[in-house]
Amino acid sequence: MKAKKGFNIRQICGENILVAEGEENIDFSNIISMNETSAYLWNKLKDKDFTVDDMVNLLLEEYEVDRDTALNDCTALVGSWRQAGIIED
């Protein structure tokens, strides 16, 4: 899967907000707030193809978390990102 082009994280009032930029995203009207971990993953993965396993490995490298927890969290996050329409297969 891959992050859709034109979505970037901006710090607004201390919050990580995903902002749609560019003409291809002109109809995107959602506001997506990301916590520190999801923003970390987004910034690491936004310009490349990735899998859930790639996400898990990034979490294992950066945070003290076990593989099962990371896998469950990343699977849920991918579902949220798909529902929001900010990633594509």
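Q: Why is Q83 called exposed?
A: Exposed means over 50% relative accessible area, buried under 20%, and partly exposed in between (1.4 Å probe, protein chains only). Q83 comes in at 73% relative accessibility, so it counts as exposed. Keep in mind that this is a predicted model, where local features need pLDDT of at least 70, side-chain atom pairs count only at pLDDT 80 or more, and totals for chains, interfaces and linings use all residues. Residues are numbered from 1 along each chain as its sequence is written, and side-chain values use heavy atoms, with hydrogens and water left out.

Q: Where does Q83 lie?
A: In helix α3; helices are DSSP runs (H or I, at least four residues), numbered from the N terminus, and strands are E runs of at least two. Q83 sits with D68 and N72 among the exposed residues on the face turned away from the buried side of α3.

Q: Which residues of α3 are buried, and what puts them on the same side?
A: They're A70, C74, L77, V78 and W81.

Q: What do the buried residues of α3 pack against?
A: β4 (32-34), α1 (36-45), α2 (52-62) and β5 (87-88), with contact meaning heavy atoms within 4.5 Å.

Q: What span is expected for α3, and what does it reach?
A: The expected span is 1.5 Å times one less than the number of residues. With 18 residues (67-84), α3 reaches 25 Å from first C-alpha to last, close to the expected 26 Å.
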